[in-house]
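Dear colleague,

I am handing over the structure below, and my notes on what was found in it follow directly after. Please read them with the coordinates open beside you.

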Amino acid sequence: MSKEDINNDLSHKYGKSNIVIHWLTAVLILALFPMGKYMEDSTASEKLGLVKIHAILGIVVFILTIARSYLFFKSKRPDDIKTGSKFNDKLAVWIHNAFYFLLIGISIAGSATLFGGGYVDALKSGNSDLILSKENIAPLKAHGLLATIMIILLVFHVVGVIKHYIMTKENTLKRMS
């Protein structure tokens, strides 16, 4: 298939629940990532309030991811976008699927960080001295690494949408709006 022959049916959209979850999750990720990066260099007392917000928003993302995973299998969804390149077609599917696994992994690592790093006790007592140093919180490293991979894939995702629009003049966002 040449790029000139690409004609995806953009009239088939995702369901309203999928659309709401997609955009809400995207906004939350775009808030959580810089918040997490800011907290990396903060003192324990500075980050105590932010940890609570970060954890609550992270839990919301986890719940939304579980709901979207359920909808992925139970709801009718549009066919995968064709790009004219088998590699790009497979890459797009791989990136979409990787988001689910990454979000669940980030949530698990974040929960392990909360409990294993002393954050839960610090939040309950208001005593930031109970928070371990970041070097002593193994799940925190995994949480940060997975979040960084997530942002890299998010950039690839956005670049792919833009590239597809430029090359085919197809506005694939119509399926998710």
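Lys13 counts as partly exposed, because its relative accessibility is 43%, a value between the 20% below which a residue is called buried and the 50% above which it is called exposed. Please keep in mind here, and throughout, that this is a predicted model. Lys13 sits in the segment before H1, and, leaving aside residues up to four places away in sequence, Lys13 touches Pro78, Lys174, Arg175 and Ser177. With one of these residues there is also a polar approach, since a polar atom of the Lys13 side chain lies 2.8 Å from the backbone oxygen of Ser177. For a sense of span, the C-alpha atoms of Lys13 and Ser128 are separated by 47 Å, the two residues being 115 residues apart along the chain.

As to the whole, the protein has five helices and zero strands, so that, read from the N terminus on, its elements run α-α-α-α-α. The C-alpha trace spans about 60 × 25 × 20 Å along its principal axes. Of the 177 residues in the protein, 36% are buried.

Helix H1, which covers residues 16-40, packs against helix H5, residues 138-168, at an angle of about 130°, and their axes are 11 Å apart. The crossing in which H1 passes H5 is left-handed. On the H1 side the contact is made by His22, Ile29, Leu30, Phe33 and Lys37, and on the H5 side by Ala147, Thr148, Met150, Ile151, Leu154 and His157. Sorted by class, the residues of this contact of H1 with H5 are seven nonpolar, three polar and one charged.

The other pair is helix H2, residues 44-74, with helix H3, residues 86-116, whose axes come within 10 Å and cross at roughly 145°. The crossing of H2 and H3 is left-handed. H2 contributes Val51, Ala55, Gly58, Val61, Phe62, Thr65, Ile66, Arg68, Ser69 and Phe72 to the contact, while H3 contributes Asn97, Tyr100, Leu103, Ile104, Ser107 and Leu114. The residues of the contact of H2 with H3 divide into ten nonpolar, five polar and one charged.

Finally, the end of H5 and what follows it deserve a look. Thr168 lies in helix H5 and is buried, with a relative accessible area of 16%, which is under the 20% that the term requires. The side chain of Thr168 reaches the backbone oxygen of His164 at 2.6 Å. Lys169, by contrast, is found in the segment after H5 and counts as exposed, because its relative accessibility of 62% is over the 50% needed for that class. The backbone of Lys169 has a phi near 65°, a positive value in a residue other than glycine.

Notes: Residues are numbered from 1 along each chain as its sequence is written. This is a predicted model: local features need pLDDT of at least 70, side-chain atom pairs count only at pLDDT 80 or more; totals for chains, interfaces and linings use all residues. Side-chain values use heavy atoms; hydrogens and water are left out. Axes are lines fitted to C-alpha atoms, for helices over the stretch in contact, and angles run from 0 to 180 degrees between N-to-C directions. Helices (H or I, at least four residues) and strands (E, at least two) are DSSP runs, numbered from the N terminus. A crossing is left-handed if the near helix is turned anticlockwise from the far one by less than a right angle, and right-handed if clockwise. Contact means heavy atoms within 4.5 Å. Ala, Val, Leu, Ile, Met, Phe, Trp, Tyr, Cys and Pro count as nonpolar, Asp, Glu, Lys and Arg as charged, and the others, Gly among them, as polar. Buried means under 20% relative accessible area, exposed over 50%, partly exposed in between (1.4 Å probe, protein chains only). A polar contact is a pair of N or O atoms within 3.5 Å; within protein, one must be able to donate a hydrogen and the other to accept it, and residues adjacent in sequence count only if both atoms are side-chain atoms.
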